[in-house]
Each structure stands twice: as C-alpha cells, then as structure tokens.
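Biologist: I would like to learn how to read a protein model feature by feature. Could we take aromatic rings, a helix and some strands in turn?

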Amino acid sequence: TECVSGCMCPDGLVLDGSGGCIPKDQCPCVHGGHFYKPGETIKVDCNTCTCNKRQWNCTDNPCKGTCTVYGNGHYMSFDGEKFDFLGDCDYILAQDFCPNNMDAGTFRIVIQNNACGKSLAICSLKITLIFESSEIRLLEGRIQEIATDPGAKKNYKVDLRGGYIVIETNKGMNFMWDQKTTVVVHVAPSFQGKVCGLCGDFDGRSRNDFTTRGQSVEMSIQEFGNSWKITSTCSNINRTDLCADQPFKSVLGQKHCSIIKSNIFEACHSKVNPIPYYESCISDFCGCDSVGDCECFCTSVAAYSRSCSRAGVCIDWRTPAICPVFCDYYN
C-alpha cells in the first residue's frame, strides 16, 4: 500500500501506547479500564488473577454467594441479577428447602415489607429466620428468639456489629440486617445450586434467577415474586413509578443521587456499573415522605458502596453532612 505517516516500531517490538516500543511479552493486561504490567495481580471476588502475556491467569476457587435487598424493594440475587419487586406479603427470600437440594434443608428466611406514610415506600422490614430447631424474629431493631426444640443445641449466634444485626450459622449461611431496609445474605460455596427464593438459586447463571416456586422460569418479575408468597390471601401489588407525579422530588433526587456518578466513586465506576444504583436512588428519594428524610437516599448510596467494596474498591464517601454514621456511638 502507499506510505502512511506515523511512528513505527522496529521488528519484534510493539507500541506501548505512550510513545515507546516494548517486546510483545511486556504488553499490559486490562481490567476495568486500567492497565497492569506483566506479573501484577488483582483480586476478583475470592480469586487472584496474574497478568501474563496480555492474558489474565486466575485461580479457580469457588466463592461465597451474596444476595442483597435494599431501599424500596431493590434486589440483587446470588448470581448478580438486579431487579425491583415491591410486595405487601410475606415472601421467601432464600432457603435450602428446595427441589434441587438432595440434602436436608437447614434454613429459611422470610421477609415482609412494612410500608410507611402515604406512599408505597418501605420504612422497615419484618424478617423471620427459621433454622432446624429455632426461629428468630426481627422487627424494628428487636430480636425475638424462639426455640422449637428447647433441648437442641443452638446452631447459630447473634451479634450486634455497628448498626447491623448479624446472624452466623455453623452451616455456612450468614445474615446481616441494618435494622431498616437493607438485608445481606451470604452463603458458602457448598450451597451452590441448592438454594431458592427471591435471591435465586446460586448456580452461577443469572438467566434462570426468576425461577418460580413451581420450577418454571418466569419473564415477569411480578409473577416470579408473587410465586414466593407464604400466604395466597394477600393482594398482589404492581409497582408504581414513585417519581411520575412528583417532578420536584425527582429533580431534587437527581441532585442528591449524583454522588453515585461523581468523582467520589470514580475508582469504582469501571468495576461496578453505577447507573442501576443511581436510578434506584432517585426512585427511593421520591418515595420519602419528607424531602429532609435522607435515609432513602443513604440506603442506595451505601448499597453501591458495598458493591464497590466487594469489587475491591473501598470508597470513603460519608461525611458529617452526607449520611453520617456515628462510629463512636456504635463502638
């Protein structure tokens, strides 16, 4: 072809992107928009990846599953599927009493939304955890333990850590609740493919996460969610757009929630997509009864911060003016 002006490297060398020439085996690897030199390592979930000749070589350890519920009915399943579901019943969040679990079931988590004010916004959760010989009821910061078999050995422990109530079982299921609207469920790798409920089946594939109680995969999130109701007598609620008739609140929400898309969280943007959390934040802000109530907003930002933390990016975003947490009080 005809001559083209530009910089060329001698044979055997390639451009490094910043004006220099390097051997091919010195080419960097890319992850989350960042470049890493050969030999550098990064953490992805519970695995370590090493850069070697432009390829990532990763360990293959099975990782624990994490399911998160926060704010006004926002869910993230064990396999990473994000969806919104608002209901006014008792629903099975997660359990291992499932058709695909050949072992005896060990736990069931039942969740109920408690709406507040004139809107459908959720103020708190009523949660029931059922174990082999015990039942724990959580509501508005209260913990009620009921032994169904008083002689049996307790297979869990309850802790108060900061603002969270934490329940750890000796079977590998851990549960956290911020005493408001955020719930985080961790299950050990041994539960892979053995759980079911709103949190999905933890089989590594998100496309079948909307599997109903009747074992069919549902396209409608509403139908999927309603299939996990404990009782059929309560009504099905169709989620409404809380911002539709509140343009003032919507604009104010966009202003407050823009922190998620700001340079404060910039280091996380390439690893965890901020847009779903930003949209959830605005929706929840519109659901707040009073504009001054920042709890709805703080919950969404905290959820994004937690996802960043799991991706290996720790963001120090709280200030005395933005969602303060009084650590001295909780310590």
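Predicted model: local features only at pLDDT ≥ 70, side-chain atom pairs only at ≥ 80, totals over all residues.

Biologist: How many aromatic pairs does a search of the whole structure find?

Modeller: The search finds 13 aromatic pairs. To sort such pairs, we look at the angle between the ring planes, where over 60 degrees counts as edge-to-face. The rings of Phe83 and Phe210 have planes at 90° and centres 5.3 Å apart, so this pair is edge-to-face. Phe83 lies in strand S10, while Phe210 lies in the loop between strand S19 and helix H1, so that the pair links parts of the chain 127 residues apart. Both Phe83 and Phe210 are buried.

Biologist: What kind of aromatic pair do Tyr277 and Tyr304 form?

Modeller: Tyr277 and Tyr304 form a tilted pair, with 5.1 Å from centre to centre and 50° between the planes. This pair links helix H4, which holds Tyr277, to helix H5, which holds Tyr304, and the two residues are 27 residues apart. Residues under 20% relative accessible area count as buried, so Tyr277, at 3%, is buried, and Tyr304, at 0%, is buried too. Tyr277 and Tyr304 also belong to one aromatic cluster together with Tyr70, Phe265 and Trp317.

Biologist: Which charged residue sits over the ring of Tyr278?

Modeller: That residue is Lys261, whose charged end lies 4.1 Å from the centre of the Tyr278 ring.

Biologist: How should I read a helix, and is H4 mostly covered or uncovered?

Modeller: An α-helix has 3.6 residues a turn, so residues three or four places apart point the same way. H4 has 13 residues and reaches 19 Å from its first C-alpha to its last, close to the expected 18 Å. H4 is mostly covered, with 10 of its 13 residues buried, including Tyr277, Tyr278, Ile282 and Phe285.

Biologist: Now for strands: what is the order of the open sheet of 3 strands?

Modeller: Strands of a sheet pair through backbone hydrogen bonds, either parallel or antiparallel. Here the order is S5-S6-S7, and the pairing is antiparallel. S5 and S7 stand at the edges with a single partner strand each, so one side of each has no neighbour in the sheet. The twist averages 35° from one strand to the next. S6 is joined to S7 by 4 bridges, and Thr50 stands opposite Asn57 in S7.

Biologist: Which residues make up the covered face of strand S18?

Modeller: In a regular strand the side chains alternate between the two faces of the sheet. In S18, Met173, Phe175 and Trp177 make the covered face, while Asn174 and Met176 make the uncovered one. S18 runs antiparallel to S17, with 4 bridges joining the two, and Val166 stands opposite Met176. S18 also runs antiparallel to S19, with 5 bridges, and the bridge partner of Asn174 in S19 is His186.

Biologist: Which residues have a positive phi in these two hairpins?

Modeller: In the hairpin of S17 and S18, with 3 residues between the strands, Gly172 has a positive phi near 105°. In the hairpin of S18 and S19, with 5 residues between the strands, Gln179 in the turn has a positive phi of about 70°.

How values were computed. Residues numbered from 1 in each chain as written. Heavy atoms only, no water. Phe/Tyr/Trp six-rings, centres within 6.5 Å; stacked < 30°, edge-to-face > 60°. Buried < 20%, exposed > 50% of the residue type's maximum accessible area, 1.4 Å probe, protein only. Lys NZ or Arg CZ within 6 Å of the ring centre and 35° of its normal. Expected span 1.5 Å × (residues − 1). Pairing = 2+ DSSP bridges. Axes fitted to C-alpha atoms, helices over the stretch in contact; angles between N-to-C directions.
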